[in-house]
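Please look over the sequence and the model before reading on.

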Amino acid sequence: MTTTAPVSTWLRGAHGDLFDLVPEAYGQLGDLYAGLWDAGVDPITLELCRLRVATLIGSAADLAVRDPRAVAAGLTEDVVEALASWTSSPLITDAQRAVLSFAEQYVLDAHGVTDAEAAALHVHFSPAQLATLTTALAVFDALARVRTVLSVEADGSGMAVGPSRLGVALQGPDPDEGEQR
Amino acid sequence: MRIEPPEGGASLFDHQPELFAAFNLVYGTLWSEGVVDQATKEVARIRNARVVDCGL
């Protein structure tokens with residue numbers, strides 16, 4: 001599994017790069033996204049949320065990559081595969097189970113979050129961490145939907161986007177600056 | 001409210017002021033910049049709120 005992937009979409013900017021269309025907003029979105037990973041929540045837990053949201057929405061571009069911060073923190077493919085059975089897998093912690101339940105309800109039916117689920121979150125996370133997780137879910141959900149509706153694919157076509165562009169929002173800093181995604 | 005704001009704060013997000021500021025910056029840019037008129041953006045926002053059933 002690579003942490004980089006080329007990206008293509010049917011919507012093109014003036015120079016072939018989608019994000020040339022909204023550079024200021026995209027730069028700010030990148031800052032917001034980067035801040036999520038440095039706001040008090042274990043990056044593995046954040047990445048599991050991102051991947052679960054992407055699975056529910058069906059965002060192939062998101063599912064094709066792993067955030068390098070989560071990988072650096074010890075995320076393995078065994079744990080990623082365990083997401084398919086997150087309610088019972090021993091590879092998923094109770095804290096991760098609580099937030100994955102929250103993530104699923106966020107995507108499928110925000111009104112469906114129960115008091116019991118909210119109480120479980122408070123057992124494992126501080127209010128500041130819950131603020132981070134809630135913001136992260138909003139961003140992960142939004143980006144997965146945008147990539148899906150734009151048919152963004154990690155397919156190596158000519159619509160590759162550099163690390164300082166989509167890569168910021170999709171994966172964070174890229175150690176292989178200059179490599180196409 | 002399931003997650004109380006910090007003392008002196010107004011919402012959950014005041015627990016993470018830097019993150020909230022970053023969110024508000026991009027949200028504000030989307031409203032104040034670009035080539036799509038604000039009426040169209042507001043129609044999209046309201047439609048999204050109705051689909052999600054958000055009363056705010």
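## An exposed glycine

In this predicted model, A:Gly112 counts as exposed because it has 10 C-beta neighbours inside 10 Å, and a residue with 12 or fewer falls in that class. A:Gly112 sits in the loop that links helix H6 (94-108) to helix H7 (115-124) of chain A. Along the chain, A:Gly112 and A:Ala64 are 48 residues apart, and 29 Å separates their C-alpha atoms.

## The helices on either side of the loop

The crossing of H6(A) past H7(A) is left-handed.

On the H6(A) side, the residues that meet H7(A) are A:Asp94, A:Ala95, A:Ala98, A:Val99, A:Ser101, A:Phe102 and A:Gln105. Their partners in H7(A) are A:Glu117, A:Ala120, A:Leu121 and A:His124. Sorted by class, the residues of this contact are six nonpolar, three polar and two charged.

## Chain A as a whole

Chain A has nine helices and zero strands. Read from the N terminus, its elements follow the order α-α-α-α-α-α-α-α-α.

Of the 181 residues in chain A, 43% are buried. Among the contacts in this chain between residues at least 6 apart in sequence, 74% join residues at least 24 apart.

## The largest nonpolar core

The largest nonpolar core holds 41 residues. Those with the most contacts inside it are A:Cys49, A:Val99, A:Ala103, A:Ala136, A:Leu137 and A:Phe140. H8(A) gives the most to the core, with nine residues.

A:Val99 also belongs to the residues of H6(A) that meet H7(A). A:Ala136, for its part, touches A:Leu36, A:Leu46 and A:Cys49, leaving aside residues up to four places away in sequence.

## H1 against H8 in chain A

A:Leu36 and A:Ala136 also take part in the contact between two helices, H1(A) and H8(A). The axes of this pair come within 10 Å and cross at roughly 135 degrees, and H1(A) and H8(A) are therefore oblique to each other. H1(A) passes H8(A) in a left-handed crossing.

Which residues form the contact between H1(A) and H8(A)? From H1(A) come A:Leu32, A:Tyr33 and A:Leu36, which meet A:Thr132, A:Thr135, A:Ala136 and A:Val139 in H8(A). Five residues of this contact are nonpolar and two are polar, with no charged residues.

## Where the two chains touch

How many residues does each chain bring to the contact? Chain A contributes 20 residues and chain B contributes 19. On the side of chain B that touches chain A, helix H1 (residues 17-32) of chain B gives the most, with eight residues. That side of chain B comprises 10 nonpolar, four polar and five charged residues.

Note on methods
Residues numbered from 1 in each chain as written. Chains lettered and ligands numbered in written order. Predicted model: local features only at pLDDT ≥ 70, side-chain atom pairs only at ≥ 80, totals over all residues. Contact = placed C-beta atoms within 7 Å. Helix = DSSP H or I, 4+ residues; strand = E, 2+ residues; numbered from the N terminus. Nonpolar A, V, L, I, M, F, W, Y, C, P; charged D, E, K, R; others polar. Buried ≥ 20, exposed ≤ 12 C-beta atoms within 10 Å, placed from the backbone. Left-handed = near helix turned anticlockwise from the far one by under 90°. Core = buried A, V, L, I, M, F, W, Y, C linked by C-beta atoms within 7 Å. Axes fitted to C-alpha atoms, helices over the stretch in contact; angles between N-to-C directions. Parallel < 35°, antiparallel > 145°, perpendicular 65-115°, else oblique.
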